[in-house]
Amino acid sequence: MKLVVNIPTYNEKDNIAEIIKLVLAQAKKMPGVDLHVLVSDSHSPDGTGDVVKKLTKTNPKIHYLDVKERGLGIGIIKGHRYAVDRLKAD
């Protein structure tokens, strides 16, 4: 089973790496689950996207989606669609 945790963000540069690390650390508690993280960022001006893009280069379980519009709801919806359609989440 492939599980994608969608994290909608805006200006989370200072803590996004730690959040991703904590989420992925839960994989050891879920045998049989292929755990991934998708950061659906609302085009943060603080560099959140740069931090996540750097992490995606070293960890294939981390994914980045640049959501041009701002808002929690749009980040959740676009992230969910991306996870199902592109990442093939169950």
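Buried means under 20% relative accessible area, exposed means over 50%, and partly exposed lies in between. The model used in these exercises is predicted.

**Exercise 1. Classify both partners of the salt bridge between lysine 68 and aspartate 66.**

Solution. 
- Step 1. The side chains of lysine 68 and aspartate 66 meet at 3.0 Å, N to O.
- Step 2. Aspartate 66 has 27% relative accessibility, so aspartate 66 counts as partly exposed.
- Step 3. Lysine 68 has 57% relative accessibility, so lysine 68 counts as exposed.

**Exercise 2. Find how many salt bridges the whole structure holds, and work out what the one between aspartate 34 and lysine 61 ties together.**

Solution. 
- Step 1. A search of the whole structure gives 3 salt bridges.
- Step 2. One of them pairs aspartate 34 with lysine 61, with the closest N and O atoms 2.3 Å apart.
- Step 3. Aspartate 34 belongs to strand 2, while lysine 61 sits in the loop between helix 2 and strand 3. The pair therefore ties together parts that are 27 residues apart in sequence.
- Step 4. Aspartate 34 has a relative accessible area of 28%, so it is partly exposed. Lysine 61, at 31%, is partly exposed.
- Step 5. Turn to another bridge, between lysine 78 and glutamate 69. Its closest N and O atoms are 3.4 Å apart. Lysine 78 is partly exposed at 33%, and glutamate 69 is partly exposed at 37%.
- Step 6. Recall the general principle. Side chains of opposite charge can pair when their charged atoms come close.

**Exercise 3. Decide whether serine 40 is buried or exposed, and list what it touches.**

Solution. 
- Step 1. Locate the residue. Serine 40 lies in strand 2, residues 34-41.
- Step 2. Read its accessibility. The relative accessible area of serine 40 is 0%, so serine 40 is buried.
- Step 3. List the contacts. Leaving out residues up to four places away in sequence, serine 40 touches Asn6, Ile7, Pro8, Thr9, Leu65, Val67, Gly75 and Gly79.
- Step 4. Pick out the polar one. The side chains of serine 40 and asparagine 6 are joined by a polar contact of 2.8 Å.

**Exercise 4. Show on which side of helix 1 its buried residues lie.**

Solution. 
- Step 1. Name them. Helix 1 spans residues 16-24, and Ile16, Ile20, Val23 and Leu24 are buried there.
- Step 2. An α-helix has 3.6 residues a turn, so residues three or four places apart point the same way.
- Step 3. Find the packing partners. The buried residues of helix 1 pack against strand 1 (2-9), strand 2, helix 2 (48-56) and strand 3 (62-66).

**Exercise 5. Trace how strand 2 pairs with strand 1 and with strand 3.**

Solution. 
- Step 1. Strand 1 and strand 2 run parallel and are joined by 8 bridges. Lysine 2 has aspartate 34 of strand 2 as its bridge partner.
- Step 2. Follow the chain. From strand 1 it passes through helix 1 to strand 2, in a right-handed β-α-β crossover.
- Step 3. Strand 2 and strand 3 also run parallel, with 5 bridges between them. Valine 39 has tyrosine 64 of strand 3 as its bridge partner.
- Step 4. Close the trace. Strand 2, helix 2 and strand 3 form a right-handed β-α-β unit.

Conventions:
Residues numbered from 1 in each chain as written. Predicted model: local features only at pLDDT ≥ 70, side-chain atom pairs only at ≥ 80, totals over all residues. Heavy atoms only, no water. Helix = DSSP H or I, 4+ residues; strand = E, 2+ residues; numbered from the N terminus. Buried < 20%, exposed > 50% of the residue type's maximum accessible area, 1.4 Å probe, protein only. Polar contact = N/O pair within 3.5 Å; in protein donor to acceptor, adjacent residues only side chain to side chain. Contact = heavy atoms within 4.5 Å. Salt bridge = Lys/Arg side-chain N within 4 Å of Asp/Glu carboxyl O. Pairing = 2+ DSSP bridges. Right-handed = clockwise from strand over helix to strand, strands pointing away.
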